[in-house]
Amino acid sequence: MTTERIIDQAIDYILQHRREEIRLEDVARYCHFSKYHFCRLFKALTGESVYGFIKRVRLEESAFRLKVEQERSITEIGADIGYSSSNYSSAFRQHYHMAPVTFRRRIRQESMAHPFFHQEDWQVESFEDCSRKIQVEQVPDRRVIYERHFGSYEELSRDWGRFMQKHQAQITEETCFIEKTYDDPSVTEAERCLCDICMSVGEGYPPEDTSIIQGGRCAVYHFKGHAKHIYAAYQTLFLVWLPRTSYELDTDRSLFDLYHMVDRDRMYMELDICLPVRERIG
């Protein structure tokens with residue numbers, strides 16, 4: 001197994017256990033390394049220390065929740081990621097340079113600034129228009145080969161080209177192409193965003209070379225249009241559609257896009273945005 005794939009597994013472990021107390025020894029043991037060697041590898045490949053990465057993903061998850069879970073208190077959201085009220089406020093200020101209450105007040109408006117097409121003037125859809133494009137359905141799991149992308153989602157087109165050229169011999173009419181996204185660019189710095197570009201495969205691949213895209217119950221938004229409008233579709237789902245439904249985001253599963261058609265010349269795309277959901281509690 002390559003060093004890159006081992007660090008991928010470490011990141012997966014951290015994301016799966018991010019709401020628990022994670023010890024460096026536990027992650028290193030999971031990867032079958034001494035903690036000192038593991039720390040060096042992790043920093044070399046990600047640019048962050050292990051503890052720095054853990055702290056960041058927890059705070060960014062809380063920032064996303066401050067944005068989309070307006071009905072929940074700041075104290076509750078901080079407690080979800082393991083902070084007392086005072087410690088959470090201090091840690092949040094260090095990362096975002098503002099108090100959580102200020103961030104919550106500003107983030108919905110600041111989400112309107114497109115992170116990639118900076119001159120793009122856009123607005124969220126109405127609840128009714130958004131709902132007409134959505135079906136809540138059971139989505140199947142898919143076995144995929146993947147490459148992990150660190151950096152701005154704006155660069156994914158280039159990486160997709162290399163990925164498809166590399167695996168061209170395995171592409172069939174039944175192949176599905178999927179982006180599994182982990183971050184909202186309105187709360188995570190562009191160069192820190194994480195994404196897996198994926199291609200469905202059969203059972204013949206070694207387990208260490210594959211991953212499972214977990215399906216389950218999803219709100220599936222059928223998108224057709226220019227790539228620059230995908231961000232607006234996501235923000236509509238988060239800020240307009242979810243709050244007015246009986247669903248909440250299932251944060252134990254990742255969001256993903258299932259591509260049906262891409263015209264690179266026109267930047268026109270047809271895809272399903274698959275938002276993992278569960279019935280709202282309380």
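User: Which residues does Thr188 touch, not counting those up to four places away in sequence?
Analyst: In this predicted model, Thr188 touches Arg56, Glu60, Asp183 and Cys193 once residues up to four places away in sequence are set aside.

User: And where is Thr188 found?
Analyst: Thr188 is found in the loop that runs between strand 3, residues 177-181, and strand 4, residues 194-200.

User: Is Thr188 buried or exposed there?
Analyst: Thr188 counts as buried because its relative accessible area is 4%, which is under the 20% cut-off for that class.

User: What about helix 4, how many residues does it have and how far does it reach?
Analyst: Helix 4 covers residues 50-68, which makes 19 residues, and it reaches 27 Å from its first C-alpha to its last, close to the 27 Å expected at 1.5 Å a residue.

User: How many of the residues in helix 4 are buried?
Analyst: Helix 4 is mostly covered, with 16 of its 19 residues buried.

User: How many residues along the chain separate Thr181 and Asp257, and what is the distance between their C-alpha atoms?
Analyst: Thr181 and Asp257 are 76 residues apart along the chain, while their C-alpha atoms are separated by 8.0 Å.

User: Changing topic, where is Arg5, and is it buried or exposed?
Analyst: Arg5 is found in helix 1, residues 3-16, and Arg5 counts as buried because its relative accessibility is 15%. Leaving aside neighbours within four places in sequence, Arg5 is in contact with Tyr146, Glu208 and Asp209.

User: Now the whole chain: how many helices and strands are there?
Analyst: The secondary structure of the protein chain comes to 10 helices and 9 strands, and buried residues make up 51% of its 282 residues.

User: What radius of gyration does the protein chain have, and what would a compact globule have?
Analyst: The protein chain has a radius of gyration of 19 Å, which agrees with the value near 19 Å for a compact globule of 282 residues. Along the principal axes, the C-alpha atoms fill a box of roughly 55 × 55 × 35 Å.

User: What share of the contacts join residues at least 24 apart?
Analyst: Among contacts between residues at least 6 apart in sequence, 72% join residues at least 24 apart.

Note on methods:
Residues are numbered from 1 along each chain as its sequence is written. This is a predicted model: local features need pLDDT of at least 70, side-chain atom pairs count only at pLDDT 80 or more; totals for chains, interfaces and linings use all residues. Side-chain values use heavy atoms; hydrogens and water are left out. Helices (H or I, at least four residues) and strands (E, at least two) are DSSP runs, numbered from the N terminus. The radius of gyration is taken over C-alpha atoms; the globule rule is 2.2 Å times the number of residues to the power 0.38. Buried means under 20% relative accessible area, exposed over 50%, partly exposed in between (1.4 Å probe, protein chains only). Contact means heavy atoms within 4.5 Å. The expected span of a helix is 1.5 Å times one less than its number of residues.
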